[in-house]
There are 2 protein chains.
Amino acid sequence: MSDLFEPLDDHPAYRQIANVIEQRIVERSLRTGDPLPSETDLARQFGVNRSTVREAIRELETQGLLGRGRGEKRLRVTRPEPRDVSSGVSRALALHDVTFLELWEAMMAIEPAAAQYAAVRRTEAHLRELARAGARFRRNAADTAAAVSAVVDFFTAVAAASGNQVLALSQAPLNLLLAPTLTRLIDRVPQARKRIGEAQGRITSAIKLRRSELARTWMEKHIRDFKRGYELGFS
Amino acid sequence: MSDLFEPLDDHPAYRQIANVIEQRIVERSLRTGDPLPSETDLARQFGVNRSTVREAIRELETQGLLGRGRGEKRLRVTRPEPRDVSSGVSRALALHDVTFLELWEAMMAIEPAAAQYAAVRRTEAHLRELARAGARFRRNAADTAAAVSAVVDFFTAVAAASGNQVLALSQAPLNLLLAPTLTRLIDRVPQARKRIGEAQGRITSAIKLRRSELARTWMEKHIRDFKRGYELGFS
DNA sequence: GTGGCACAATTGTCGGACAGTCCGATTATC
DNA sequence: GATAATCGGACTGTCCGACAATTGTGCCAC
């Protein structure tokens, strides 16, 4: 029952150009930091109009493959940073109406693992980040928005300390999804603040002491608490 | 030590327009499937040139927020699918030179969880997908590329069966990263094929029998095996 | 070397233009 | 009456040319 012919998708020039440049970046013949030729020059090289080149460039720019420093005119090759990419992922998930349960299950899979590896690989700098996020959470007991942002920073710091870029990048979108729910949760469940603070403290010290199993266990409990809080606050 | 003023980044018109349209999509005042006004019309509404509108559209298109069916001319609002988004993530990771260990640790966190939930939520359709990927792997013992693609499909099918879009979307980029390593692994380690086939069988039947703990355990063993194979083949 | 300045280069945006293709309506055919 | 051929309008992909604003650069004076 399979068709005899496949539908041939045409590739507009701007997409072809984007693909070619992307290829060059991925195979590193264009290296991070290299300046891109000017639009006029690219148009000449590809034999197309500058407008067409511009459309191609916009694609690569949104993917984080091209960018420019503040106040810089020429584009340079850049490596897509987690924030470039994770916002897209979390927006995609939001548009798919993910439930809190789905988010929670994913956090339950990723965060404890991150905590475990963080206990093994953390540096002093990582510890400082963890301490700073924890302090910021405790300090902002009143300001909900600041507290939520501190929680996000704490998770981010744990993921960074894990020394695993894949885990870090997998975890980043979860934070963005967590924020709105967490905001309402903290406001509705009075004991949430205290429990989060305690958990952060335990996790931080486990990571500091390089007790990886302990770090994992405390993180698991921490995440489980989110679900309990959610059920308490949104039932 | 924080600066008094933040650097104000200028917002070119094409970026502003992209943001406005994105906003409309995220807040669902433009709903999935809605056709976008024509470029000429958008240019008129925003009071800019059509070229400017086109650049904005390119951004949204690459993010998977806009798209068009084959052979369709007008753009429509679309929801970004996993494949739209995960390729960007895995390319980002590739450019950051992730190690096999990092990838493996992330798989170790995500895949067993996916298997566990799959055993609970799988439908008959999911089982068919799993069986099909497994069969395709066993059938293509000779063709390495086909075998690798079947392994990827198997993982994808497990993630889909988990009924968790967050896990599925977190897992998708890992597949793309796994493929190249797995290709060389299968070629270098003779017993890999057999072990993968067996593991897939055990996982599939655990999911079929709704034995969630068993599914998780077998998946863990399966992933562990990848590391053993890697150490065997690349030492 | 350092600072400053004029000039060239580059980006962002504009207006207009045209071929190719898709869509909807109208007309012709069985 | 239903289906097929026809036609005009609408829309996209691409091109050309242009200009203001801003950045990069070479040169000159100190």
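**Helix packing, chain contact and DNA-facing surfaces**

In the predicted model, helices α9(B) and α10(B) cross with left-handed geometry. The axes of α9 (residues 192-208) and α10 (residues 212-233) of chain B come within 8 Å and cross at roughly 165°, so that α9(B) is roughly antiparallel to α10(B). On the α9(B) side the contact is formed by B:Ala192, B:Arg195, B:Ala199, B:Arg202, B:Ile203, B:Ala206 and B:Ile207, and these meet residues of α10(B) that include B:Leu214, B:Trp218, B:Met219, B:His222 and B:Asp225. Sorted by class, the contact of α9(B) with α10(B) has 9 nonpolar, 2 polar and 4 charged residues.

Chain A contains 10 helices and 2 strands, which follow one another along the sequence as α-α-α-β-β-α-α-α-α-α-α-α. The C-alpha trace of chain A spans about 65 × 50 × 35 Å along its principal axes, and its radius of gyration is 22 Å, whereas a compact globule of 235 residues would have a value near 18 Å.

Within chain A, helix α5 (residues 100-121) packs against helix α10 (residues 212-233), the two axes coming within 7 Å and crossing at roughly 160°; α5(A) is therefore roughly antiparallel to α10(A). The crossing of this pair is right-handed. Among the residues of α5(A) that take part are A:Phe100, A:Trp104, A:Met107, A:Met108 and A:Glu111, while α10(A) contributes, among others, A:Arg216, A:Met219, A:Ile223, A:Phe226 and A:Tyr230. The contact of α5(A) with α10(A) comprises 14 nonpolar, 2 polar and 4 charged residues.

Helix α5(A) also meets its counterpart in the other chain, for the axes of α5(A) and α5(B) come within 9 Å and cross at roughly 150°. As this angle is over 145 degrees, α5(A) counts as roughly antiparallel to α5(B), and the crossing is right-handed. The residues A:Glu105, A:Ala109, A:Ile110, A:Ala113 and A:Tyr117 of α5(A) meet B:Glu105, B:Ala109, B:Ile110, B:Ala113 and B:Tyr117 of α5(B). By class, this contact has 8 nonpolar and 2 charged residues, with no polar residue.

Taken as a whole, the contact between the two chains draws 37 residues from chain A and 39 residues from chain B. On the side of chain B that touches chain A, two or more residues each come from α1, α3, α4 (82-95), α5 (100-121) and α8 (165-188) of chain B. That side of chain B is made up of 20 nonpolar, 9 polar and 10 charged residues.

DNA strand D is surrounded by 19 residues, of which A:Pro12, A:Ala13, A:Val48, A:Asn49 and B:Glu39 are the closest. The surface near DNA strand C has 5 nonpolar, 6 polar and 6 charged residues.

Conventions. Residues are numbered from 1 along each chain as its sequence is written. Chains are lettered from A and ligands numbered from 1 in the order in which they are written. This is a predicted model: local features need pLDDT of at least 70, side-chain atom pairs count only at pLDDT 80 or more; totals for chains, interfaces and linings use all residues. A residue is near a molecule or strand if its C-beta atom, placed from the backbone, lies within 6 Å of it. Axes are lines fitted to C-alpha atoms, for helices over the stretch in contact, and angles run from 0 to 180 degrees between N-to-C directions. Helices (H or I, at least four residues) and strands (E, at least two) are DSSP runs, numbered from the N terminus. Angles under 35 degrees count as roughly parallel, over 145 as roughly antiparallel, 65 to 115 as roughly perpendicular and the rest as oblique. A crossing is left-handed if the near helix is turned anticlockwise from the far one by less than a right angle, and right-handed if clockwise. Two residues are in contact if their C-beta atoms, placed from the backbone, lie within 7 Å. Ala, Val, Leu, Ile, Met, Phe, Trp, Tyr, Cys and Pro count as nonpolar, Asp, Glu, Lys and Arg as charged, and the others, Gly among them, as polar. The radius of gyration is taken over C-alpha atoms; the globule rule is 2.2 Å times the number of residues to the power 0.38.
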